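Let's take a walk through this structure together. Have a look at it first, and then we'll go through it piece by piece.

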Amino acid sequence: MRESGSRGISRVGGNQAMIRDAREEDLAAIVAIYNASIPSRLSTADTEPVSVDSRREWFRQHGTMRHPLWVLERDRRVAGWLSFGPFYGRPAYAATAEVSVYVAADFQRQGVGTALLEEAMLRSPSLRIETLLGFIFAHNVPSLALFAKFGFERWAHLPRVAELDGIKRDLVIVGRHLQGIDVG
């Protein structure tokens with residue numbers, strides 16, 4: 001059963017889940033998931049919560065087919081989300097996208113991130129995206145493991161480029177070329 005704008009239906013944590021285009025009414029849940037990740041200092045360089053209003057323009061920019069924003073819905077709740085972003089903003093990089101994945105705390109370690117990243121890799125060719133990048137803090141072991149599971153390699157290590165609570169943190173850039181490569 002597919003609804004308009006749905007990406008796929010899969011089993012996540014033993015339950016049926018749907019990956020679909022994010023809708024305006026999902027924005028509060030998307031922001032709540034993002035804000036819940038801030039205190040851990042693992043997945044974002046933001047140090048203070050963001051507001052729904054401050055993210056409206058960001059949300060609208062992701063309404064494009066080239067750089068969509070998807071949610072994984074399970075039990076009628078947004079369990080996680082994935083966004084594609086342009087890399088560097090120059091035409092020569094048009095086939096490269098940065099991908100970000102965030103999962104609600106009560107859905108972590110249940111396959112939500114896996115399902116979202118797998119769908120991104122499967123759908124990237126239809127978006128004319130040939131290369132995916134992830135910008136991940138070096139101390140974010142779960143995210144590094146997720147991307148490694150899908151064959152992403154470490155393409156760059158930027159030492160001490162972020163400061164979180166007085167601690168200098170490294171950033172790892174992972175990447176994967178998608179042309180002619182099996183996702184599984």
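Which residue has its backbone oxygen 3.3 Å from a polar atom of the side chain of Trp81? In this predicted model, that residue is Ile30.

Trp81 is a handy place to start. You'll find Trp81 in strand 4, which covers residues 77-86. With a relative accessible area of 2%, Trp81 counts as buried, because the cut-off for that is under 20%. Leaving aside residues up to four places away in sequence, Trp81 touches a list of others, including Ile30, Ile33, Tyr34, Trp58, Trp70, Tyr102 and Leu116. Ile19 sits 62 residues from Trp81 along the chain, yet their C-alpha atoms are separated by 8.7 Å.

Now follow Ile30 to helix 1. The axes of helix 1 (residues 27-37) and helix 2 (residues 52-61) come within 10 Å, crossing at roughly 110°. So helix 1 is roughly perpendicular to helix 2. Helix 1 brings Leu27, Ala28, Ile30 and Val31 to the contact, while helix 2 brings Val52, Arg55, Arg56, Trp58 and Phe59. Of these residues, 7 are nonpolar, 2 are charged and none are polar.

Next stop: helix 4, residues 141-149, where Leu144, Leu146 and Phe147 are buried. These residues are on the same side of helix 4, because they cover an arc of only 160° around the axis. Val141 and Lys149, on the other side of helix 4, are exposed. Among the elements covering the buried residues of helix 4 are helix 3 (112-123) and strand 7 (153-164). Just after helix 4 comes Gly151, with a positive phi of about 85°.

Terms used. Residues are numbered from 1 along each chain as its sequence is written. This is a predicted model: local features need pLDDT of at least 70, side-chain atom pairs count only at pLDDT 80 or more; totals for chains, interfaces and linings use all residues. Side-chain values use heavy atoms; hydrogens and water are left out. Axes are lines fitted to C-alpha atoms, for helices over the stretch in contact, and angles run from 0 to 180 degrees between N-to-C directions. Helices (H or I, at least four residues) and strands (E, at least two) are DSSP runs, numbered from the N terminus. Angles under 35 degrees count as roughly parallel, over 145 as roughly antiparallel, 65 to 115 as roughly perpendicular and the rest as oblique. Contact means heavy atoms within 4.5 Å. Ala, Val, Leu, Ile, Met, Phe, Trp, Tyr, Cys and Pro count as nonpolar, Asp, Glu, Lys and Arg as charged, and the others, Gly among them, as polar. Buried means under 20% relative accessible area, exposed over 50%, partly exposed in between (1.4 Å probe, protein chains only). The arc is that of the directions from the helix axis to the C-beta atoms. A polar contact is a pair of N or O atoms within 3.5 Å; within protein, one must be able to donate a hydrogen and the other to accept it, and residues adjacent in sequence count only if both atoms are side-chain atoms.
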